[in-house]
Amino acid sequence: MSVVELARPVEKARATPKAPRRRVTAWHRWLSPLALLVVWQLASATGLLPERLLAAPATIAATAVDLTQAGTLPTAVGVSLQRVLIGFAVGGTIGVLLAVVAGLSRAGENAVDPIMQMLRALPFFGLIPLFILWFGIGEEPKILLVALAVSFPLYLNTFSGIRGVDGKLAEVAKTLRLSRGRLIRHIVLPGALPQTLVGLRQALGVAWLALIVAEQVNATTGLGYMINDAREFLRTDVIVVGLLVYSALGLATDSLVRLLERRALAWRRGFLA
Amino acid sequence: MATRLSGVARAFGDRVVLDSIDLELRDGEFTALLGRSGSGKSTLLRALAGLDDEVTGTIEVTDSVAVAFQEPRLVPWKRLLANITLGLDAPVSKAKEALAEVGLTERAGAWPLTLSGGEAQRASLARALVREPELLLLDEPFSALDALTRITIHHLVLELWARHRPAVLLVTHDVDEALLLADRVLVLDEGRIAHDIPITTDRPRHREDPDLVALRTTLLAALGVSPEGRS
C-alpha cells in the first residue's frame with residue numbers, strides 16, 4: 001500500500017504546456033509498438049511462438065470480435081464493472097466520511113486515525129480467505145474487497161487535504177462570521193478537493209487491482225472468471241483479450257476522473273494558464 | 001458603539017508584545033496605528049477582530065467588524081462575486097454594488113487567482129465593506145502593492161470611508177500613508193500606545209503640506225528614525 005503516499009505531482013505534470021515540436025513527432029512514438037506487434041505476429045505465424053504460450057495478435061483480435069458477438073465479453077464486463085462501481089461507491093463514501101470526521105477535530109483524529117493506520121498495514125489481499133469465510137463466495141466478498149482497497153487512499157488523501165487547508169482562510173471565515181456548517185462546505189471541503197481527487201485516482205487504480213485478485217480466486221461470472229476459465233482450455237487468446245479489457249476499463253475510469261478534475265479545479269487552471 | 005480597550009495585554013511565551021493598552025476608537029474616526037515591525041500592531045488588530053483567544057484585558061467592540069488583511073485572502077475556489085457574498089445575508093444586488101464601488105463589476109465572474117494584486121485588494125475591501133461594518137480593520141492592506149496602485153487605492157479607501165463612515169483602524173508601518181489618510185495617528189512602542197496625535201489637516205492632503213512635514217519628522221522620531229535615516 002505504499003502507492004498511497006506517491007503521485008502528488010500528478011496535476012503539476014499535466015499543466016506543463018505541450019511544446020509544438022513534440023506534437024509534430026508524436027507519431028514516432030507509435031513506431032516501436034507497431035514494430036513489436038509485427039515481430040509478434042511473424043513469430044506466431046512461423047511457429048516460433050506457440051499458441052499455448054501466447055496467441056498471435058490477429059487471433060486475439062478475432063477472438064475479441066467473437067466474444068463480443070457471442071455476448072460473453074459484454075456480460076463479463078458488465079458484471080465486473082458493477083462490482084467495481086458498487087465497491088467503489090461504498091468504500092469511497094466510507095473513506096471520505098472518516099476523513100472528514102478525523103480531519104475536523106483532534107478528537108475525531110484520535111478516534112479514527114489509529115484504527116485506519118492499523119488496518120492500512122494489513123495486506124488486504126491476505127484478507128481474501130477471511131472474507132470468503134465471512135461472506136461466502138457470492139458478490140459480497142468481491143465488492144467488499146474493492147471497498148476496503150478504495151477507502152484507504154481516499155481516507156488518507158482527504159484527511160491530509162483537510163489538514164492542508166490554509167489557516168488564513170479559516171480566519172477569514174471567522175471574520176465573515178461563517179457558521180461551522182458553512183465553513184466546512186465553503187472552505188474546508190473545497191480546499192481539500194485537489195488532494196481528494198489525487199486520492200480518487202489512486203483509489204481507482206487499486207479498485208481494479210482488488211477486483212482482478214478477487215475474481216481470480218473465486219468467481220463464476222465476470223472478467224476474472226472468463227480469464228480463469230480460458231486457462232483451463234489453454235486459450236491464451238481469451239486471456240489476453242481479458243487483460244486488454246481490464247486495462248482499457250482502468251484507462252477509461254482514469255480519464256473520467258481527469259475530466260472531473262479539470263472541471264472541479266477550474267479555479268486553479270485559470271491560475272496556471 | 002465606540003470601541004474601548006482597557007488593560008489589553010498579550011504575551012507570546014516570555015515576550016510581552018502588548019503590555020497594557022488603553023484606547024478608545026470613536027465612531028466614524030479614521031485611526032492609523034504605526035509601529036516598528038514586531039511592535040504588536042497586528043496583534044492588536046487581531047485581538048479586535050476576535051482572532052486571538054489568548055489576549056487578556058477588556059475589549060468592548062461592536063459585533064459589526066470587518067477585516068481586510070495584508071494578503072487579500074480571497075477564497076480561490078469561489079468566483080469573485082461568490083467571495084463577496086460569502087456569509088452575507090444581504091441580497092446579491094448589494095454585493096454587485098460593492099464590486100461596482102471598487103470598479104470590479106467586469107471581474108465579478110473571475111477566479112481570484114487571475115486577479116492582479118490591486119484588483120484582489122480592492123475585492124478584499126469590497127468584501128469587508130459590503131457588510132456595512134461599524135468598525136473596519138485594515139491590516140497593512142496596501143503594503144504589497146506597487147507604488148502607483150497604492151496611490152489609487154488610498155483615494156478609493158478615503159472615498160469609501162467618506163461614504164460609509166465606519167470607524168477605521170489602519171495598521172501600517174508607512175508614516176506617509178498614515179499622514180495622508182488618518183484623523184489620528186497612534187504609535188505603538190514597547191507594548192503601549194506611546195503617542196496619540198490628531199491630524200486636523202483638510203483632505204485631500206499633499207505630502208508637501210508644512211503641517212504634515214512637521215508631523216512626519218515627529219512621527220519618524222517617535223519610531224526611532226530621523227528623516228535622513230536611523231538616529
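This is a predicted model: local features need pLDDT of at least 70, side-chain atom pairs count only at pLDDT 80 or more; totals for chains, interfaces and linings use all residues.
View 1. Leu37(A) has a relative accessible area of 39%, so it counts as partly exposed.

**View 2. The helices of chain A.** Chain A has 13 helices and zero strands. Of its 273 residues, 41% count as buried. Chain A exposes about 15300 Å², and carbon and sulfur atoms supply 69% of that area. Now consider contacts in chain A between residues at least 6 apart in sequence: 74% of them join residues at least 24 apart.

**View 3. The open sheet of chain B.** Here you can trace six strands in the order 5-6-7-3-8-9, with mixed pairing. Strand 5 (65-68) and strand 9 (192-198) of chain B stand at the edges; each has a single partner strand, so one side of each is left without a neighbour in the sheet. From one strand to the next, the twist averages 20°.

View 4. Strands of a sheet pair through backbone hydrogen bonds, either parallel or antiparallel. Strand 5 and strand 6 (residues 135-139) of chain B pair in the parallel sense over four bridges. Val67(B) stands opposite Leu137(B) in strand 6 of chain B. Helix 1 (residues 41-48) of chain B packs on the sheet, touching strands 3, 5, 6, 7 and 8 of chain B. The direction of helix 1 makes about 150° with that of strand 7 (167-172) of chain B.

Methods:
Residues are numbered from 1 along each chain as its sequence is written. Chains are lettered from A and ligands numbered from 1 in the order in which they are written. Side-chain values use heavy atoms; hydrogens and water are left out. Two strands pair if DSSP finds at least two bridges between them. Helices (H or I, at least four residues) and strands (E, at least two) are DSSP runs, numbered from the N terminus. Axes are lines fitted to C-alpha atoms, for helices over the stretch in contact, and angles run from 0 to 180 degrees between N-to-C directions. Contact means heavy atoms within 4.5 Å. Buried means under 20% relative accessible area, exposed over 50%, partly exposed in between (1.4 Å probe, protein chains only). Accessible areas come from the Shrake-Rupley method with a 1.4 Å probe; for residues, only the protein chains shown count as cover.
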